[in-house]
Amino acid sequence: MTAYMDHKDLANETIDAARIQEITDGAHRVLDLIAQTEFTSGREEGSVTLLAATKTRDVGEIMAAIDAGVHMIGENRPQEVIAKIDGLRYACLQRGIVLGASDMQTVARLDETDDPEALDRLPLHLIGQLQSNKIGKMLPDVNTIESVDSFELAEKIARRAAAREQTVGVLLEVNESGEPTKSGCAPDEAFELALRIAQLEGLELQGLMTVGAHVDDEREIRRGFAHLRDVRDRVRDSDAEGTATCAELSMGMSGDMTYAIDEGATIVRIGQAIFGDRDFK
Ligand SMILES: *Cc1c(COP(=O)(O)O)cnc(C)c1O
């Protein structure tokens, strides 16, 4: 288990008013910047979804972000999902929201509403690496796995999902910058790989994901985002089996979200600009 999990109780639900205010202000600033960038980039209003990247944040902090209007939650590590899911699910239901892939039996057990289908939904994505022995644990909770970067992993997820008679969303992660520390498939393999993954039963290929280049050169960062968009367009226009749903571009973090939106992002994954600096990595 990662060391910081021993230092911080991720299931903690109570945070003080000052911390709630800090997170509320952060989320509102990010939502404003998204709206402003949609406008200046000629993007349709509301076409960019704000995913709060919640690694190292506890249930209380995440609920403050949800109350401030973030659209979805992204966790990096299966262990963090497991530590937080019960608390998050319950707190969401108290607000009339169903979190993640909760099946209706789970909802009915936790909630007394007459019509659970009528509740709002808040998606939960996995945005960090997934080892195959954790797939089964994640399927009851997450709607979409953004970090699929090989056919082998996609096939394993598909098999587990099909066995549960479930369809799970996946994004193909592409290492656009080529930095060796980053996960993701090679950019020139992305198109073929996306077409193969799209055919798998039990999966829905929903789009592509990348982490922007860790450089100061704006053109270099934009080049990776633009290439991801180009791959998405070619996959979607291929008419190949299972590619019609390939619509999402998950790209842009706290430092490069305006470039990403300008290049066509549909999901931006934001941590520090909402929650402040991370104490633990
Ligand atoms: C942490 C993380 C983010 C958010 O990064 P910030 O710099 O905190 O906005 C986005 N995507 C992934 C995959 C992450 O691990």
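A polar contact here is a pair of N or O atoms within 3.5 Å; within protein, one atom must be able to donate a hydrogen and the other to accept it, and residues adjacent in sequence count only if both atoms are side-chain atoms. The model is predicted: local features need pLDDT of at least 70, side-chain atom pairs count only at pLDDT 80 or more, and totals for chains, interfaces and linings use all residues. Residues are numbered from 1 along each chain as its sequence is written, and side-chain values use heavy atoms, with hydrogens and water left out.

**Helix H9**

- Helices (H or I, at least four residues) and strands (E, at least two) are DSSP runs, numbered from the N terminus.
- At the start of H9, the backbone nitrogen of Arg219 has a side-chain oxygen of Asp217 within 3.1 Å.
- H9 covers residues 218–236, and its end C-alpha atoms are 27 Å apart, which agrees with the 27 Å that its 19 residues should span at 1.5 Å a residue; the expected span is 1.5 Å times one less than the number of residues.
- Buried means under 20% relative accessible area, exposed over 50%, and partly exposed in between (1.4 Å probe, protein chains only).
- The buried residues of H9 are Ile221, Arg222, Gly224, Phe225, Leu228, Val231, Arg232 and Val235.
- These buried residues pack against helices H8 (190–198) and H10 (257–262) and against strands E8 (203–209) and E9 (248–250), where contact means heavy atoms within 4.5 Å.

- Ala190, Leu193, Ala194, Leu195, Ile197 and Ala198 are buried in H8.
- The partners of the buried H8 residues are strand E6 (144–148), helix H7 (151–163), strand E7 (168–173), E8 and H9.
- H2 (residues 17–40) has 24 residues that should span 34 Å at 1.5 Å a residue, in agreement with end C-alpha atoms 34 Å apart.
- The buried residues in H2 include Arg19, Thr24, Thr37 and Glu38.
- Cover for the buried H2 residues includes strand E1 (49–53), helix H3 (59–67), H10, E10 and helix H11 (272–275).

**Ligand surroundings**

- An N or O atom in the side chain of Arg269 is 2.9 Å from a nitrogen atom of the ligand.
- A polar backbone atom of Gly271 is 2.8 Å from an oxygen atom of the ligand, and a backbone N or O atom of Gln272 also lies 2.8 Å from a ligand oxygen atom.
- The protein buries 89% of the 390 Å² that the ligand exposes when taken alone (Shrake-Rupley method, 1.4 Å probe).

- Ile270, in strand E10 (residues 267–270), counts as buried at 0% relative accessibility.
- Leaving aside neighbours within four places in sequence, the contacts of Ile270 include Val30, Leu50, Ala53, Gly252 and Met257.
- Glu80 is in helix H4 (residues 78–94) and counts as buried at 0% relative accessibility.
- A polar atom of the Glu80 side chain lies 3.1 Å from the backbone nitrogen of Thr56.

**Cysteines**

- The structure holds 0 disulfides, a disulfide being a pair of cysteine sulfur atoms within 2.5 Å.
- The sulfur of Cys246 is 12 Å from the closest cysteine sulfur, in Cys185, which is too far for a bond.
- Cys185 counts as buried at 5% relative accessibility, and Cys246 is buried with a relative accessible area of 0%.
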